[in-house]
Amino acid sequence: MEKQIGPGIYFTPARPSTTTSSSTDTQSQTHKPVDIDLLSYDDLIREKEELERAIFMLQKSNQYMMEEDPEQKDPDLVVAIQENVDCIAVKTKRLELIKQRI
């Protein structure tokens, strides 16, 4: 079921959820970022770099998926792209807060 969408990039469709909560609800329950005010300067720099790298990789992944399915006919890819867009928005907001703090 895994599909290669670019060099070294593979897409594996998510399994159907067995709960009624959305994936973002589940993610927020299992992983909450540390409050920015509690991070040291070095930790802020490190997290800034990690967020920039993660955003870049998500954007690159979306680019490959859009090239693979330019007419957006594959519903799995459409969902994956939207999930990445949502994730990019959250990470970008946190990145901006960290930049302000630095």
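Predicted model: local features only at pLDDT ≥ 70, side-chain atom pairs only at ≥ 80, totals over all residues.

1. Residues are numbered from 1 along each chain as its sequence is written, and side-chain values use heavy atoms, with hydrogens and water left out.

2. Overall layout. The chain has three helices and two strands, arranged along the sequence as β-β-α-α-α. Helices (H or I, at least four residues) and strands (E, at least two) are DSSP runs, numbered from the N terminus. Taking contact to mean heavy atoms within 4.5 Å, 67% of the contacts between residues at least 6 apart in sequence join residues at least 24 apart.

3. The helix pair. Two packed helices are described by the angle between their axes and the distance between the axes. Here, the axes of H2 (residues 41-68) and H3 (residues 75-101) come within 9 Å and cross at roughly 155°. The axes are lines fitted to C-alpha atoms, for helices over the stretch in contact, with angles from 0 to 180 degrees between N-to-C directions. H2 and H3 are therefore roughly antiparallel to each other; angles under 35 degrees count as roughly parallel, over 145 as roughly antiparallel, 65 to 115 as roughly perpendicular and the rest as oblique.

4. Handedness and composition. The H2 and H3 crossing is left-handed, a label used if the near helix is turned anticlockwise from the far one by less than a right angle, with clockwise being right-handed. Sorted by class, the contact of H2 with H3 has 15 nonpolar, five polar and eight charged residues. For the classes, Ala, Val, Leu, Ile, Met, Phe, Trp, Tyr, Cys and Pro count as nonpolar, Asp, Glu, Lys and Arg as charged, and the others, Gly among them, as polar.

5. The cores. A nonpolar core is a set of buried Ala, Val, Leu, Ile, Met, Phe, Trp, Tyr and Cys residues joined through side-chain atoms within 4.5 Å. The largest has nine residues: Ile36, Leu39, Leu44, Leu51, Ile55, Leu58, Ile88, Leu95 and Ile98. H2 and H3 are the elements that give two or more residues to this core, and H2 gives the most, with four. Apart from it lies another core, of seven residues, among them Ile9, Met65, Ala80 and Ile81.

6. Leu95, in helix H3, counts as buried at 7% relative accessibility. Beyond its neighbours within four places in sequence, Leu95 is in contact with Lys48, Leu51, Glu52 and Ile55. Glu47 in helix H2 is one to look at as well: at 18% relative accessibility, Glu47 counts as buried. Not counting residues up to four places away in sequence, Glu47 touches Leu39, Arg94 and Ile98.

7. Which residues does Leu44 contact, leaving aside its neighbours within four places in sequence? They are Ile36, Leu39, Ile98, Arg101 and Ile102. Arg101 is in helix H3 and is partly exposed, with a relative accessible area of 40%. Ile102 sits in the segment after H3 and, at 38% relative accessibility, counts as partly exposed.

8. A strand residue. Phe11, in strand S2 (residues 9-11), is buried, with a relative accessible area of 11%. Phe11 and Ala80 are 69 residues apart in sequence and 8.6 Å apart in space, C-alpha to C-alpha.

9. A backbone point. Most residues other than glycine have a negative phi, and most peptide bonds are trans. Gln72 has a positive phi of about 50° although it is not a glycine. Gln72 is placed in the loop between H2 and H3, and at 48% relative accessibility it counts as partly exposed.

Key: Buried < 20%, exposed > 50% of the residue type's maximum accessible area, 1.4 Å probe, protein only.
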